[in-house]
Amino acid sequence: MQFKTFDIIPHDTKFDFVGKRHIAVALSLIANLAVIVFSLNAVHGLNFGVDFAGGTEMEVKFDRGVDAADIRRSVEELGFKDASVQTYGPESEHSYLIRVGRIALMSQDDVNRVIQAVKAKLPVSGEPHFNSEVGDKIDFQFTRNPTSDELRAVVESTGVKVREVREEAGLTAGTRSFAVITQGIRDKVENELQAKFSDAKPDVRRVEYVGPAVGRELRNQGFKAILYAMGLIVIYVGLRFDFRFSPGVIIALLHDAIITLGYFAFSGREFNLTAVAVILTVVGYSVNDTVVVYDRIRENQAKLKGKNLADLVNLSINEVLGRTFLTSFATALSLVGLLIYGVGTIFDFSAAMLIGIISGTYSTWFIAAPMTIWLEERAEKKKAAAPRPHEAQAKSV
C-alpha cells in the first residue's frame, strides 16, 4: 500500500527574496523602532509584572465561579491600582492569581507613633527598624524580655492592628529581639474578598512577595540572559560556518527578540520571567531556522563555484522553502491549541511564541541571508577602492 504525498510548497520555486530585501529591511526597521519607542517609559513602557516591578502575588480559591473583573474591581477599590487578576489552573477549580504592586500600608506617622508608644512602656535597646520596601514589620530589641502579649497590647493601643508578634534571636548579647508584623496586604485583600464574595468562600492558598530591589535585579539578569544567549549563538555560527555570517545572524536575532517584545508592549500584557523565557525560546528557534539556510548556502557555494552570491542565496532559500514552511507551520499548530484553551501565562506564552515564530521565519528569508549579501558587497567595494600593493609602492617611491 502506497500513500499519496503532496507538496504545499512546490520544489522548483523561484521567489526573489534577495530582490525584496530593501522593502523588507525598511518595514522591519519601522516595526522595530515602533516597538523600541513604545517600550520606553517616557512614551508608554512595559507592564512589568510582580517578578520585575516588585509586589505581592496571591493565589485565591473560591467555591464557585467568580468574575475576574469583579475581583479586580474589589482589589482596586482598596487602593491597589493596576491590579492583575488571572484564572489559575482549570476553570473548574475557580482559582485566581491576584497580583498587586507594592503600596505602603503604614505611613511614617504610624511607625513613629508605634515606636514612641513602645519606647515609653518597654525597655527598648537601640533604634527600632522599619523598612518600607519590606513593610508591615517593625523590629525591636529589648534589654529584658517582654511577653508577646505585652508588646502586642502596646502596639494595638496606638490603633495599629497586629497580625503576629514573633520572637527572634537577639542581635547583641543580653538583648531580646521581636518582630511586630502588622496587618498587611494579604489581610487587607483577604478581608475585602470575604466581605464581597462571602458566599463563594474565598481561601488564600499562597502569598509571595517580591521586593522592588529584587525585582530590579531579576529584570537586569533577565535582559543579560538574553544578550548572553545571543552572543554565544553568534560565536557558534561564526565557528560553525564563517564569521562573515555572524552579523546577519545577530541582526536577525535582535529583530525577532524586539518583535516578540512588541507583543507585550502593544498588548499591555504582563512582562515577567515567562516573557524572558519566550524571547529566549524564540531566539533559539530563529537561529535554528537560519542555520538551515546558511548550511544550504555553504553547500551550494562549494557546488556552484563562480555563481553570484545573491543568486546562491535565492537558490538556497528556495531549496529549503518547503522544509522551513512546514516546520514553522507544525510548530504554530501546537501553539494554536494552547491559544484556544490556555489562559493567563499560558496564553501569553503561546501568543508571543506564535509571533516570534512568524518573525523568525520572515527574518531568515528577508533579513539574515540578504544582510550577509549586503555586508559582502560592502567588503568587496571597500577592497576595490583600496590601493593595490604595487600602486601603493609606486606612490611611496
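Phe-223 is partly exposed, because its relative accessible area is 33%. The model is predicted. Residue Phe-223 sits in helix 7, which spans residues 212-240.

## Aromatic pairs

The count of aromatic pairs comes to 14. One of them joins Phe-223 and Phe-271. Their ring centres are 6.0 Å apart, and the planes meet at 15 degrees. Planes under 30 degrees apart count as stacked, so this pair is stacked.

Phe-271 lies in strand 10, residues 270-271. Phe-223 lies in helix 7, so the pair ties together parts that are 48 residues apart in sequence.

Phe-271 has a relative accessibility of 1%, so Phe-271 counts as buried. Phe-271 also forms an aromatic pair with Phe-264. Here the centres are 5.6 Å apart and the planes stand at 85 degrees. That pair is edge-to-face. Both Phe-264 and Phe-271 are buried.

## A cluster of rings

Ring pairs also link a cluster. Its members are Phe-15, Phe-17, Tyr-362, Trp-365 and Phe-366.

Trp-365 belongs to helix 12, residues 344-385. Its relative accessibility is 16%, so Trp-365 counts as buried. What does Trp-365 touch, not counting residues up to four places away in sequence? The contacts are Phe-17, Ile-317, Leu-321, Thr-324 and Pro-370. Trp-365 and Phe-17 are 348 residues apart in sequence. In space, their C-alpha atoms are 6.5 Å apart.

Technical notes
Residues are numbered from 1 along each chain as its sequence is written. This is a predicted model: local features need pLDDT of at least 70, side-chain atom pairs count only at pLDDT 80 or more; totals for chains, interfaces and linings use all residues. Side-chain values use heavy atoms; hydrogens and water are left out. Rings of Phe, Tyr and Trp (its six-membered ring) pair if their centres lie within 6.5 Å; planes under 30 degrees apart count as stacked, over 60 as edge-to-face and the rest as tilted. Helices (H or I, at least four residues) and strands (E, at least two) are DSSP runs, numbered from the N terminus. Buried means under 20% relative accessible area, exposed over 50%, partly exposed in between (1.4 Å probe, protein chains only). Contact means heavy atoms within 4.5 Å.
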